[in-house]
2 protein chains.
Amino acid sequence: MSIKGNMIIGQSGGPTAVINSSLAGAFEAAEAAGIKKIYGMHYGIEGFLNENILDLRKHIKNAQDVSLLKRTPSAFLGSCRYKLPKIDGNEDVYEKIFSIMEKYDIQYFLYNGGNDSMDTVKMLSDYAAAHGKPQKFMGIPKTIDNDLPVTDHCPGYGSAAKYIATSLKEIIVDNDCYGPYRTSVVIVEIMGRHAGWLTAAAALANNSPDLIYLPEVSFDPDDFIKRIKDIAKTKNSIVVAVSEGIKLEDGTFVCEIGSGGGKKDAFGHTQLSGVGAYLASMIMDKTDIKARSIEFSTMQRCASHVVSRTDADEAYNAGYLAAQAAFAGNTGEMITIQVESRAPYLTSYSKFDIHEVANVERKVPLEWIINDGTYVSDEFIAYARPLIMGEIEPYYSEGVPQHLSLAE
Amino acid sequence: MSIKGNMIIGQSGGPTAVINSSLAGAFEAAEAAGIKKIYGMHYGIEGFLNENILDLRKHIKNAQDVSLLKRTPSAFLGSCRYKLPKIDGNEDVYEKIFSIMEKYDIQYFLYNGGNDSMDTVKMLSDYAAAHGKPQKFMGIPKTIDNDLPVTDHCPGYGSAAKYIATSLKEIIVDNDCYGPYRTSVVIVEIMGRHAGWLTAAAALANNSPDLIYLPEVSFDPDDFIKRIKDIAKTKNSIVVAVSEGIKLEDGTFVCEIGSGGGKKDAFGHTQLSGVGAYLASMIMDKTDIKARSIEFSTMQRCASHVVSRTDADEAYNAGYLAAQAAFAGNTGEMITIQVESRAPYLTSYSKFDIHEVANVERKVPLEWIINDGTYVSDEFIAYARPLIMGEIEPYYSEGVPQHLSLAE
């Protein structure tokens, strides 16, 4: 390959615990290739449009910084939720992006994100192709939701799944502490708007919740209460893992029943919250069993103190390979992970045409959802277990994990 | 000392991440003293009254089990929230307890818990004194709330504080990820009904929340909104740590305003929840700033994957010393921790007459609450920092931390 010009990388969408490992991978690939300037977008494409551009070598100064970067939650460069407008009629936006790239002699453009971010890579590479621009655009997959198609799984998912399994295991032991002297239900609400990958990870806890409800199948409140009553006949501690996005058979989000109409975010998605609290109230209303709810909330994506080493390594590799591919002249592609063998766990990486990736959500296969939609199968466990294996211990200082920050 | 008869230990009240380290300490002290039978109460004094008694050597079989026990969340023996009735008029309950002790030749009775549990130790030692019973009763302090008097701090607090500081640090970095492109407030609701020790631990996060509200001082909603608006003039990410138990100047719990009247638990305490959600709604109602809330919930007490080694060691020592004291003939006392020096951190242990301990709540000193009740001082940091120092790495298997369980 003949390297000419500089590289830039941006982080987009909700962070994951390993999004900065992908940054570390891309950074070290650029170092290895002798790239002159390694830039970072400060706040993704939105910041880029305002020329918020960082010289990454000023912020990642040595191997120690790279190690700390891998242990840093959130998006080190800052993220955005900015969606590029369609090309037709908005050529000025695209011309602006390319003019900034030319100004900084940026030839390699890496973007790390989920579905919406892959859409950005697609549009920019489309525009480049249509206008004879030489720059290369590569996507690095990232989402805790694991809903990107094509790739076997997505960097970010394994660590979120490990956090969920770890915390849920502790909650299950904790809730059992009064034994036969108190019956109680804990509803644990887990992220995942349309895909149940994260909620399914509850089954990795080993001591296992009693019921697991994914958004892939419809939720029946009467059946739910009946099952709780049945379980309570033989068990005192009942733990239920439930996706924020479960829906009734008619398509109504369960959280909407509770909160009376959901708000919408910038992308027009319904804002979800409160399913757990609603189901806990329902149990207290329809049975004499004590119930409460716990939401893992954003800790699912930012708990860098519980990271899967497998996930972090794969995120690093995806970043590294995306940079290498761009240097080799690839464009309009996303790095994907294939699993050659689940046991032993062996993987390979490929590049996939971004047009087949963008804006398609991959869900948990229905055949992996068992017990009338209340649990997941051993096939899911076999799929997900390798993804949460291994640890990266935080660097503690003053009793708390240390992070790398741009401010330093 | 002349050892005669057997020992029993019980765990009571809400668990902590290190309550099982105290069990490990008492167990190893009993082993070292050559106690014939080491019993555990299955579900505290409530289980004991039903003769639910465990032979601990069958469940803690070797040094590996002890190591795993220290890494196990919740109460290994099971806990209870049972309050002994007053002696007068309830002599039958006390006679039953002593007859079970005699049946099992239990001479040493250790009870590990908070205020209510120390009350149990007091009543039993009082009854023994009044009726010429020879058995010895010792209390081991335990509470995440850190509200026990006499002792400088309480085993269980340091680990909960470390979990809060660690998770909050991650949440603060996470919430900042959109930088100048989105202003948002996160309200983090932290346990602590009347004492703000846990909420104050938010200041240990290093990157620090913007506001910290403890229940020790009254909460002014108008001032709160004014401060949020002021901070939003210069910052885009605002994080607020708030105790579940904050009250208005007239004594009303803030959560009661939101939920319209709180429920009460077995001890007549008002059940608190929803302060965070209420304050987030208030911000959205009175400003144009996006706000949401996160509750750490029971993860504060059960997150054994983030344990303070200092706390775990102190919990172990308190258990060990309580057992030793009982063997030496002490009774009606609780082990306390004195801090001889904060830097370097040096401690000593004493025994304190339980009559002066029971049912008094210790709060955060008002002089440590600064900025008109919206933050804590460096004196608090100096007090609390040593308590969160050091780690105990979990033993991972299949990607999740392993725990010791009675079932095994």
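**Strands, copies and contacts**

Analyst: In chain B, β2(B) and strand β3 (residues 53-55) run antiparallel and are joined by three bridges. Strands here are DSSP E runs of at least two residues and helices are H or I runs of at least four, numbered from the N terminus; two strands pair if DSSP finds at least two bridges between them. This is a predicted model, in which local features need pLDDT of at least 70, side-chain atom pairs count only at pLDDT 80 or more, and totals for chains, interfaces and linings use all residues. Residues are numbered from 1 along each chain as its sequence is written, and chains are lettered from A and ligands numbered from 1 in the order in which they are written.

User: Which residue in β3(B) is the bridge partner of Gly40(B)?

Analyst: Leu54(B) is that partner. On β1(B), residues 6-11, the pairing with β2(B) is parallel, over three bridges, and there Ile8(B) has Tyr39(B) as its bridge partner.

User: Which way do the residues of β2(B) point, and are they buried or exposed?

Analyst: From β2(B), residues 38-41, Ile38(B) and Gly40(B) point one way, Tyr39(B) and Met41(B) point the other way, and all are buried. Buried denotes 20 or more other C-beta atoms within 10 Å of the residue's own, exposed 12 or fewer, and partly exposed in between, with C-beta atoms placed from the backbone. In a regular strand, side chains alternate between the two faces of the sheet.

User: What handedness does the β-α-β unit have?

Analyst: The unit made by β1(B), helix α1 (residues 19-33) of chain B and β2(B) is right-handed. That is, with the strands pointing away from the viewer, the path from the first strand over the helix to the second runs clockwise.

User: And how many residues lie between β10(B) and β11(B) in their hairpin?

Analyst: Four residues lie between them. The strands β10(B), residues 333-341, and β11(B), residues 346-353, pair in the antiparallel sense over eight bridges, and Ile337(B) has Tyr349(B) as its bridge partner in β11(B).

User: Finally, where does His194(A) lie?

Analyst: His194(A) lies in the loop between β6 (184-190) and α7 (197-200) of chain A. It is partly exposed, with 16 other C-beta atoms within 10 Å.

User: What does His194(A) contact, leaving aside its neighbours within four places in sequence?

Analyst: His194(A) is in contact with Pro215(A), Gly245(A), Glu361(A) and Lys363(A). His194(A) and Lys363(A) are 169 residues apart in sequence and 7.4 Å apart in space, C-alpha to C-alpha.

Conventions: Two residues are in contact if their C-beta atoms, placed from the backbone, lie within 7 Å.
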